[in-house]
Amino acid sequence: MRATWLSSFITDTIYLAVGAWSSRLVGSPLQRAIARRRYGALAASYDADVIPQDGYLAPIETALDRLPATPMEVLDVSTGTGAVVGVLMHRFPGCRGAAVDLSPVMLAHAARHARERGWSVRLAAADAGCLPFREGTFDLVTVQNAFPVPGELVRVLRPGGWVVMSYSAGGSVLPWIVRSLTGQLRALGCQEVETRRVGSGRYFLAQRPGGTVHA
Ligand SMILES: C[S@@+](CC[C@H](N)C(=O)[O-])C[C@H]1O[C@@H](n2cnc3c(N)ncnc32)[C@H](O)[C@@H]1O
């Protein structure tokens with residue numbers, strides 16, 4: 001389990017550093033090829049080896065506890081096998097869900113979970129850097145343990161909607177990474193930007209200005 005945690009720490013740090021340095025790297029032909037290959041190979045063991053790690057969902061659960069209203073239209077980006085979709089469906093019964101990932105193999109596992117667990121979610125193969133949704137579509141957009149692309153996440157949020165970027169093992173990333181990501185969210189107009197460590201993880205929570213999301 002320690003080796004799995006170390007690998008999660010390294011990948012979370014890479015995701016966060018790329019997002020902090022230049023999220024334009026996300027979705028490049030090389031990045032897409034690496035992700036499809038890596039996650040195509042990991043998908044079969046992902047639910048057994050990665051998701052049961054202690055505290056895997058703790059940062060995102062804590063961030064979602066902070067939401068002042070119930071979102072109806074929710075999107076999980078880079079969903080993998082759909083761990084966060086399960087959290088959203090449990091917390092917000094009746095919400096309309098969407099989830100995207102680049103890896104068709106990871107998505108196939110998410111689709112099986114959706115069928116077996118009765119989730120109301122539309123799944124699509126898509127790049128986090130170029131989401132196939134119109135501006136202002138969602139009340140809540142989440143990304144967990146994957147590349148943060150703040151501009152694209154905020155673009156598809158309704159005014160007053162919330163974005164959560166959450167990292168299960170990314171709690172002790174370097175301060176410049178935290179400063180860069182919070183700075184990007186503020187530059188996109190999000191006045192309320194909160195980032196907190198939770199166990200060995202961290203979340204970033206921000207609200208798109210200009211409206212209120214109601215139940
Ligand atoms: C570490 S997994 C996390 C999966 C899930 N969010 C979770 O927390 O269990 C990272 C996911 O990001 C996806 N991914 C990598 N690059 C992507 C991109 N450019 N666009 C969309 N998804 C991408 C991978 O296919 C993989 O499923």
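This is a predicted model: local features need pLDDT of at least 70, side-chain atom pairs count only at pLDDT 80 or more; totals for chains, interfaces and linings use all residues.
Residues are numbered from 1 along each chain as its sequence is written, and side-chain values use heavy atoms, with hydrogens and water left out.

Let's start with the ligand. Which residues are closest to the ligand? Among the 21 residues that surround the ligand, the closest are Y56, S78, D101, A128 and Q144; a residue is counted here if one of its heavy atoms lies within 4 Å. By class, this shell has 11 nonpolar, eight polar and two charged residues. For those classes, Asp, Glu, Lys and Arg count as charged, Ala, Val, Leu, Ile, Met, Phe, Trp, Tyr, Cys and Pro as nonpolar, and the others, Gly among them, as polar. Helix α2, residues 29-49, gives the most to the shell, with four residues; helices here are DSSP runs (H or I) of at least four residues, strands (E) of at least two, numbered from the N terminus.

Now to some atom pairs. A polar side-chain atom of D101 lies 2.6 Å from a ligand oxygen. D127 has a side-chain N or O atom 2.9 Å from a ligand nitrogen, and at A128 a backbone N or O atom is 2.8 Å from a nitrogen atom of the ligand. On its own the ligand has 600 Å² of accessible area, and the protein covers 98% of that, by the Shrake-Rupley method with a 1.4 Å probe.

Most residues other than glycine have a negative phi. S78, though, has a positive phi near 55°, and S78 sits in the loop between β1 (73-77) and α4 (83-91). N145 also has a positive phi, about 55°, and is not a glycine; its place is the loop between β4 (138-144) and α6 (150-155).

Is N145 buried or exposed? N145 counts as buried because its relative accessible area is 12%, where buried means under 20%, exposed over 50%, and partly exposed in between (1.4 Å probe, protein chains only). S78 is partly exposed, because its relative accessibility is 22%.

Last stop, helix α1, residues 2-22, where we find I14. I14 is partly exposed at 46%. W21 is also found in helix α1, and W21 counts as exposed because its relative accessibility is 65%.

Note on methods
A polar contact is a pair of N or O atoms within 3.5 Å; within protein, one must be able to donate a hydrogen and the other to accept it, and residues adjacent in sequence count only if both atoms are side-chain atoms.
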